[in-house]
Amino acid sequence: MKQYHLQLSEDQVRDIKVVLMPGDPQRVEKIAAFADMNSAQLIARNREYTSCRCKFQGIPLLITSTGIGGPSLAIAVEELARIGIEVFIRVGTTGAIQPHINLGDLIITTGAVRLDGTSSHYAPLEYPAVASYEVITALKQSCDTQNLPYHLGITASSDSFYPGQERYDTYSGYVIKSFQGSLEQWRKLRVLNYEMEAATLFTLAGVFNLKSGAICGAIVNRTQTEKPDDSLLELVETRLGKIGLLAAAKLSS
Ligand code: URA
């Protein structure tokens, strides 16, 4: 039976354990381009969810986009879990908030601040959003073998790109009081970066007894610049594609 939103069925992924999850549907085929030659196969496309099968080092893998934010990611996790996927790796872009993080660096999230709303539909806020150590280890080892710059630590997952990440270029120009000063607060609490999905993913995976992790490439550093450029995006996508596939293959055995 095809899943409601993903339009994927169990028999399409019966041999697959691990999914790579970019937010952007257009990134699905870009990641698959780093897999074994001619192995990429587009198997479903509906709304923000694009799914592609591929092989890497001979191992079958799934790549499914989640769209932006917790609500659409949670739908993807629910439906992928139902068809037998066991390990979920988010691969995305992020805004760094620590000055020592360079543009293009990768951030492997160990735990996430739950600034989302969706995860509270699954577990109370006291429940921690933590990545699985197996996924953290596989991502770290992959960065080490590829000699790519990375940081390990805590991420803040916000439900909004603008006020929740304390951007004042909202249409109204106003950020509500509870977010004023929040970037500086998270920075002082040693949070590395902002993105919009990790906390929801880790909470659901914890509740469902599944494994999850997240790796994101810094496309801006909020302590320096705010304008990502195309060549940086391409660099980050290449790094994420390679590391994601390597880690996914390690976790498939
Ligand atoms: N994604 C985010 O959520 N924030 C950023 O600053 C960049 C990417």
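Modeller: Contact means heavy atoms within 4.5 Å. Keep that in mind for this predicted model.

Colleague: How do you know what share of contacts between residues at least 6 apart in sequence join residues at least 24 apart?

Modeller: Take the contacts in the protein between residues at least 6 apart in sequence; 75% of them join residues at least 24 apart.

Colleague: Why is glutamine 165 called buried?

Modeller: Buried means under 20% relative accessible area. Glutamine 165 has 3%, so it counts as buried.

Colleague: Where is glutamine 165 found, and what does it touch?

Modeller: Glutamine 165 is in the loop between β8 (150-158) and α4 (182-188). Leaving out residues up to four places away in sequence, glutamine 165 touches Ser158, Ser160, Leu183, Tyr194, Glu195, Met196 and Arg222.

Colleague: What lines the largest pocket, and which residues are closest to its centre?

Modeller: The largest pocket has a volume of about 540 Å³. It is lined by 25 residues, and the closest to its centre are Ile68, Thr93, Phe161, Met196 and Ile219. Strand β5 gives the largest share of the lining, five residues. By class, the lining has nine nonpolar, seven polar and nine charged residues.

Technical notes:
Residues are numbered from 1 along each chain as its sequence is written. This is a predicted model: local features need pLDDT of at least 70, side-chain atom pairs count only at pLDDT 80 or more; totals for chains, interfaces and linings use all residues. Side-chain values use heavy atoms; hydrogens and water are left out. Helices (H or I, at least four residues) and strands (E, at least two) are DSSP runs, numbered from the N terminus. Buried means under 20% relative accessible area, exposed over 50%, partly exposed in between (1.4 Å probe, protein chains only). On a 1 Å grid over the protein atoms alone, a cavity is a set of points where a 1.4 Å probe fits but cannot get out, and a pocket is an open set with protein on both sides within 12 Å along at least five of seven lines; lining residues have an atom within 4 Å of a point. Grid points are joined across faces, edges and corners, and a volume is the space filled by probe spheres set on the points. Ala, Val, Leu, Ile, Met, Phe, Trp, Tyr, Cys and Pro count as nonpolar, Asp, Glu, Lys and Arg as charged, and the others, Gly among them, as polar.
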